[in-house]
Protein chains: 2
Amino acid sequence: MDELCKKPMSGRSKFEAHFERKCARLAGHEGKCHEYPYLKQLAKVAPRVANKIKRDSTKTTGAAWKSDDAGPNRIDRWAMLLPDKLLSDEFGIHMDQLKPSVYAKLRDKAASYDDCMEVAKALTILAYNMPDVPEPDKQTKGYFQTIGLPLGEFKTTCIICKDVLNFDLFEGAQRGKANIETAHANPRLHEADNVGFAHRECNIAQGDKSLDEFYDWMSQILDRTKNKT
Amino acid sequence: MDELCKKPMSGRSKFEAHFERKCARLAGHEGKCHEYPYLKQLAKVAPRVANKIKRDSTKTTGAAWKSDDAGPNRIDRWAMLLPDKLLSDEFGIHMDQLKPSVYAKLRDKAASYDDCMEVAKALTILAYNMPDVPEPDKQTKGYFQTIGLPLGEFKTTCIICKDVLNFDLFEGAQRGKANIETAHANPRLHEADNVGFAHRECNIAQGDKSLDEFYDWMSQILDRTKNKT
């Protein structure tokens, strides 16, 4: 990926000393460096979607973190690559005080900075390939063209149920939750080709299972219900 | 059901003035009246299960009630048959201050006292028909025999996935939650023949759908995944 500038950038992350943020603008660009240049248009026309893409790409998430003993909420996924002792000494994140199940879940969310940035790009492309998305502007279109991932090559479907996902579902919030969630084919792998958008209900139903496990689970249930009737 | 005593009983419910609790012991019994005579053994040998059966039969529940603006948590289902004004005047439950979606959910949980008691019996039978349940004592066995619902006539399966449910799943708590939950074939109908036990993961996956809707939903997903590969 030599198309990108990749100059180190200072961000607002407290983990900067250990991980270098990089400019993702095209090599030789004019003006300031930017970590998410391809999200500029969405940040203007659909800021909630742009923020969701940034957040889901880079942060540990999950309702399970909301309780008191659940550990640090929404931290950079790459911080979960750092050893317990360093997290405790430098950042006051005391991994050893968490319940083993919470500890394991947090460590499962670990992903490198580069993988997170690839996920952010993949999610942006998926958003732009939804039927009723705003038309991408010239800069955005050109950006993805240049990095070899042109927009509009496919229609975005829910990675779980494979039905078409409409962009306006992002806005149909119910009890504060979007009806589209970021989902993983294998829940323990935060990489671009393993990530996608899904209906909230599909994501909840998939739970901790991989997609293959989920489809097998459903097949078995349907087989049993057929045998019973 | 003339087999039962049915004498009015005083309970601890604040809604007593509007709903009469009844003795469920066999007609002509000696000694004190009892609302759940068929749960006496489980209350001793598996108190968590007995309490769960009572609670799930009679109370509104659901994670959705846990947030601040969610309205009254865990109240008697029959109270949800009372009009808004009475609930407000007599019990300080201000239904009109709830969000419409929360209001609707609470009202959906409404069920008559008699239906709740039938559900409690049905769940007790289901628990006793699990493979590794403690052997029912003479009183319990005799009770269900007398009311025409003898124990041991079938093997209890998850009402969603139709796989056998083991009694010890009640105790396998994870993050404070039992791995068996009370589930409804039609989520909006709290009646004995619509209620059963289910694996927690199955119940979560079913969500708001009826079982028929859930199976259709799964069939469609599997059809689409087959078409894609």
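Visitor: What do buried, exposed and partly exposed mean here?

Guide: Buried means under 20% relative accessible area, exposed means over 50%, and partly exposed lies in between. The model is predicted.

Visitor: Why is Arg200(A) called partly exposed?

Guide: Its relative accessibility is 21%. Buried needs under 20% and exposed needs over 50%. So Arg200(A) counts as partly exposed.

Visitor: What makes Glu181(A) and Arg200(A) a salt bridge?

Guide: The rule asks for a side-chain nitrogen of Lys or Arg within 4 Å of a carboxyl oxygen of Asp or Glu. Here the closest N and O atoms are 2.9 Å apart, so the pair forms a salt bridge. Glu181(A) sits in strand β3 and Arg200(A) in helix α7, so the pair ties together parts 19 residues apart in sequence.

Visitor: Is Glu181(A) buried or exposed?

Guide: Its value is 17%. The cut-off for buried is under 20%. Therefore Glu181(A) counts as buried.

Visitor: Which residue forms a salt bridge with Arg21(A)?

Guide: Asp76(A), with the closest N and O atoms 4.0 Å apart. Arg21(A) lies in strand β2 and Asp76(A) in the loop between α2 and α3, so the bridge ties together parts 55 residues apart in sequence. Arg21(A) is buried at 12%, and Asp76(A) is buried at 3%.

Key:
Residues are numbered from 1 along each chain as its sequence is written. Chains are lettered from A and ligands numbered from 1 in the order in which they are written. This is a predicted model: local features need pLDDT of at least 70, side-chain atom pairs count only at pLDDT 80 or more; totals for chains, interfaces and linings use all residues. Side-chain values use heavy atoms; hydrogens and water are left out. Helices (H or I, at least four residues) and strands (E, at least two) are DSSP runs, numbered from the N terminus. Buried means under 20% relative accessible area, exposed over 50%, partly exposed in between (1.4 Å probe, protein chains only).
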